Amino acid sequence: MELHDVWFVLIAVLWTGYFFLEGFDFGVGILTKLLARDRLEKRVLINTVGPVWDGNEVWLLTAGGATFAAFPEWYATLFSGFYLPLLVILVCLIVRGVAFEYRAKRPEENWQRNWETAIFWTSLVPAFLWGVAFGNIVHGVKIDRNFEYVGTFWNLLNPYALLGGLVTLTLFTFHGTVFTALKTVGDIRVRARKLATKIGVLTAVLAVVFLLWTQIDSGDGKSLVALVVAAAALLAALGANLRGREGWAFALSGVTIVAAVAMLFLSLFPNVMPSSLNGDWSLTVTNASSSPYTLKIMTWLAAIATPLVLLYQGWTYWVFRKRIGTQHIAAEAAH
Amino acid sequence: MYLALAPETLARWQFGITTVYHFLFVPLTISLAALTAGLQTAWVRTEKEKYLRATKFWGKLFLINIAMGVVTGIVQEFQFGMNWSDYSRFVGDIFGAPLAFEALIAFFFESTFIGLWIFGWDKLPKKIHLACIWMVSIGTILSAYFILAANSWMQHPVGYKIDKAKGRAELTDFLAVLTQNTTVAQVFHTLSASFLTGGAFMIGIAAFHLFRKKHISVMKTSLRLGLVTVVIAGLLTAISGDTLGKVMFKQQPMKMAAAEALWDGQDSAPFSIFAYGDVSKGHNTVELSVPGLLSFLADGNFNSHVPGINDTNKAEQQKYGAGDYRPIIPVTFWAFRWMIGFGMASFGVGLAGLWLTRKKFMLPQHLRVGEDEVPNLVLFKNKALSPKLGRLYWLAAIWTLGFPLIANSWGWIFTEMGRQPWVVYGVLKTSAAVSPGVSQTEILISMITFTVLYAVLAVVEVKLLVKYVKAGPPELTEDDLNPPTKIGGETRDADKPMAFSY
């Protein structure tokens with residue numbers, strides 16, 4: 001395995017980490033409208049991810065930075081090509097971060113309601129758009145001989161990619177719902193379990209169609225294995241949720257995300273962004289990558305820093321391991 | 001296509017707007033993290049309540065600020081790819097690495113430990129909680145280091161070779177990128193300017209309260225911390241600025257000439273403190289200048305020869321081919337002065353304050369004050385300043401809050417615009433760096449979106465800051481004074497509300 005292959009795997013790992021972690025905090029954001037009965041319950045939901053959402057989001061920044069360093073051509077084509085959707089995602093992430101931090105900083109109801117609405121939409125829109133983006137990456141887009149994206153904005157909204165968007169949206173919502181069942185106590189926990197079943201079934205239907213489509217389109221033996229794992233894990237997560245095994249349900253919905261992302265990357269390899277115009281114009285791990293020297297330095301960095309990150313981020317989850325319910329939210333917003 | 005709306009122009013405006021805006025929050029984040037950590041350390045060591053109240057007060061303002069710093073930083077990570085794809089393709093092999101280092105080392109540090117700090121008051125033992133804010137502080141400084149190493153490479157590319165076949169620059173010596181003198185000087189200068197900014201922020205807000213005789217004990221401590229920080233950081237900023245100037249003179253002679261609007265080279269070149277006239281025409285109608293100072297700033301010798309804009313332009317034409325290698329002179333000329341002027345004004349206010357509010361040194365007994373009194377402002381031995389002059393000082397102290405923010409912005413505008421027409425000096429021109437596939441409309445949409453969004457958020461943020469500044473330091477609760485002794489918090493009362501919740 002050459003270094004650029006290693007980095008293909010590492011980029012996949014970073015995106016997997018991002019979708020696994022921010023996946024459930026997007027889901028929790030969406031649940032503020034889907035599950036919470038009143039504003040106190042919204043606060044319970046928001047506070048389940050309060051201490052961790054920011055650390056989760058860094059996985060995206062790292063995926064971005066690492067793509068820049070390891071595959072500059074991929075970084076350049078992807079972000080200049082998917083310009084407007086990325087702009088929407090960035091705006092959402094900006095507003096979302098501010099919404100989390102500022103919502104409780106003023107007592108006025110209007111102020112808080114506005115930020116709550118913002119949290120819902122800025123969680124929902126990126127959860128959908130990331131799926132659209134990956135759908136397009138895997139499916140291939142119009143890339144010319146100079147690696148420039150020459151399609152339009154509307155080309156990005158094709159049926160396959162839109163289905164991908166629905167899959168990430170529902171999958172993240174499901175992931176967030178089982179996370180909520182695991183992290184809360186009281187009535188909301190019971191309702192989260194019930195809702196998880198409904199969303200889980202919907203996710204399963206959409207995900208199986210999307211992944212099968214991917215498999216037929218560009219899959220191989222390995223991606224088929226990943227597909228089977230993803231589907232099995234999703235069904236097992238549903239089963240665990242039904243039996244009230246919340247820890248298992250969350251772990252398994254996590255496995256679903258890992259396997260689904262793995263499948264997308266497996267069907268992508270050795271391309272990183274296939275061209276739909278001409279196979280010779282596709283960006284691949286070889287023609288898009290950095291020099292071996294840079295990749296070597298980056299590998300050292302990843303080898304040392306990633307385990308450390310996992311260690312202290314894991315520790316954070318352990319520190320905030322207690323379930324929370326409405327009784328844990330101080331009546332007077334402590335700010 | 002109108003030049004004003006050319007993609008290159010728009011992309012530059014967008015980069016300028018988003019980056020200057022981002023950098024309003026960065027220096028405050030860097031310095032307030034460390035200063036808050038310092039205050040919390042004082043609390044842990046002395047158990048004096050005023051330190052904990054100060055920690056909570058400044059910590060709150062720090063959090064309001066860092067939230068904006070973090071979210072506006074997301075754009076920075078992606079806009080190279082969006083608007084500057086040819087730049088990204090050309091330099092990604094080199095420029096991407098420090099960015100990845102920044103994300104994987106610094107951002108994770110900051111973002112993970114800030115969560116622990118915000119929510120950890122009732123979850124972590126005192127010392128571990130304190131360690132978290134120090135980790136945040138280390139994260140902010142590492143972040144600055146890596147991104148400045150990347151920027152320094154644009155100012156003075158080292159440790160690379162050009163691969164003609166691939167049409168890109170490739171890294172050959174990463175250590176050179178991380179340790180070259182431009183990087184060292186820029187890091188030194190930016191960090192000291194950051195502390196100047198945070199110190200002035202503290203002075204301004206503490207003066208606001210002391211002027212009204214409110215929250216005296218906490219604010220007196222804060223004022224003192226702010227004053228000391230500003231004086232030390234101000235000195236270091238000047239020293240590092242001087243170093244950076246000399247490095248720049250060797251590496252980018254055009255920028256030095258443009259800083260002074262020195263059209264024709266001369267020995268013992270003067271530095272004008274003030275000029276009025278059209279600098280773009282190459283002469284001033286009114287000018288107040290110090291002879292030889294520019295030569296000293298550039299080379300450490302009052303008699304040295306400093307090449308002018310015209311000479312340098314000719315030299316670069318010979319080296320790089322026909323073209324205009326001059327930046328926009330009025331911008332560089334005034335930006336350079338505003339940077340120094342506002343920065344040093346803040347330093348002056350700090351120095352004056354440190355003297356005026358001294359506790360004992362050369363201060364007669366009757367002018368000394370107790371712990372809970374506003375200090376007298378004493379210029380000479382025996383008498384406090386008249387109320388009028390005293391008021392003037394407090395007002396200056398309040399206003400100084402904004403000075404370094406202005407200085408920082410102009411500093412970046414100077415160094416980035418002074419490098420034009422290059423994006424990577426001597427290697428890649430800005431005009432060759434933009435995304436060829438991105439349309440004028442797309443850039444316009446994103447530029448307008450970011451500008452409007454940032455403007456709205458600025459209003460929200462400033463209002464929130466004002467609210468919390470006015471509220472003053474919080475009263476402490478029983479829980480504040482009795483932090484948990486084990487990780488995860490006490491388990492006695494399972495239904496106890498969290499100390500902090502969103």
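Select helix H2(A) together with its surroundings: its buried residues pack against helix H1 (3-34), H3, H5, helix H6 (109-139), helix H7 (159-183) and helix H8 (187-218) of chain A. Helices here are DSSP runs of H or I with at least four residues, strands are runs of E with at least two, and both are numbered from the N terminus. H2(A) is mostly covered, with 9 of its 11 residues buried. A residue is buried if 20 or more other C-beta atoms lie within 10 Å of its own, exposed if 12 or fewer, and partly exposed in between, with C-beta atoms placed from the backbone. Among the buried residues of H2(A) are Glu41(A), Lys42(A) and Arg43(A), as well as Val44(A), Leu45(A) and Ile46(A).

The model is predicted; local features need pLDDT of at least 70, side-chain atom pairs count only at pLDDT 80 or more, and totals for chains, interfaces and linings use all residues. Residues are numbered from 1 along each chain as its sequence is written, while chains are lettered from A and ligands numbered from 1 in the order in which they are written. The predictor gives the complex an ipTM of 0.93 and a pTM of 0.95. For chain B the average pLDDT (the predictor's confidence in each residue, from 0 to 100) is 92, and 97% of the residues score at least 70.

Along the principal axes, the C-alpha atoms of chain A fill a box of roughly 60 × 40 × 40 Å. A compact globule of 335 residues would have a radius of gyration near 20 Å, and chain A agrees with its 20 Å; the radius is taken over C-alpha atoms, and the globule rule is 2.2 Å times the number of residues to the power 0.38. Buried residues make up 60% of the 335 residues in chain A.

The contact takes 63 residues from chain A and 62 residues from chain B, two residues being in contact if their C-beta atoms, placed from the backbone, lie within 7 Å. Which element gives the most to the side of chain A that touches chain B? It is H5(A), with 13 residues. That side of chain A divides into 39 nonpolar, 16 polar and 8 charged residues. In this division Ala, Val, Leu, Ile, Met, Phe, Trp, Tyr, Cys and Pro count as nonpolar, Asp, Glu, Lys and Arg as charged, and the others, Gly among them, as polar.

Centre the view on Phe68(A), in helix H3 of chain A. Phe68(A) is buried, with 28 other C-beta atoms within 10 Å. Leaving aside neighbours within four places in sequence, its contacts include Tyr75(A), Phe80(B), Leu99(B) and Ala100(B). Select Ser290(A) as well: its C-alpha atom is separated by 9.0 Å from that of Phe68(A), although the two are 222 residues apart along the chain.

Proceed to the largest nonpolar core, which has 279 residues; Leu90(A), Ala230(A) and Ala100(B) are among those with the most contacts inside it. The largest share of this core, 22 residues, comes from helix H3 (residues 85-119) of chain B. Such a core is a set of buried Ala, Val, Leu, Ile, Met, Phe, Trp, Tyr and Cys residues joined through C-beta atoms within 7 Å. Not counting residues up to four places away in sequence, Ala230(A) touches residues including Ala207(A), Leu211(A) and Met263(A).

The last stops concern the backbone. Most residues other than glycine have a negative phi, and most peptide bonds are trans. The peptide bond from Phe269(A) to Pro270(A) is cis, with omega near 0 degrees; Pro270(A) lies in the loop between helix H10 (246-268) and strand S1 (271-273) of chain A. In chain B, the bond from Gln420(B) to Pro421(B) is also cis, with omega near 10 degrees.

Then select His215(B), which has a positive phi of about 45 degrees although it is not a glycine. His215(B) lies in the loop between helix H6 (181-211) and helix H7 (216-251) of chain B, and counts as buried with 20 C-beta neighbours inside 10 Å.
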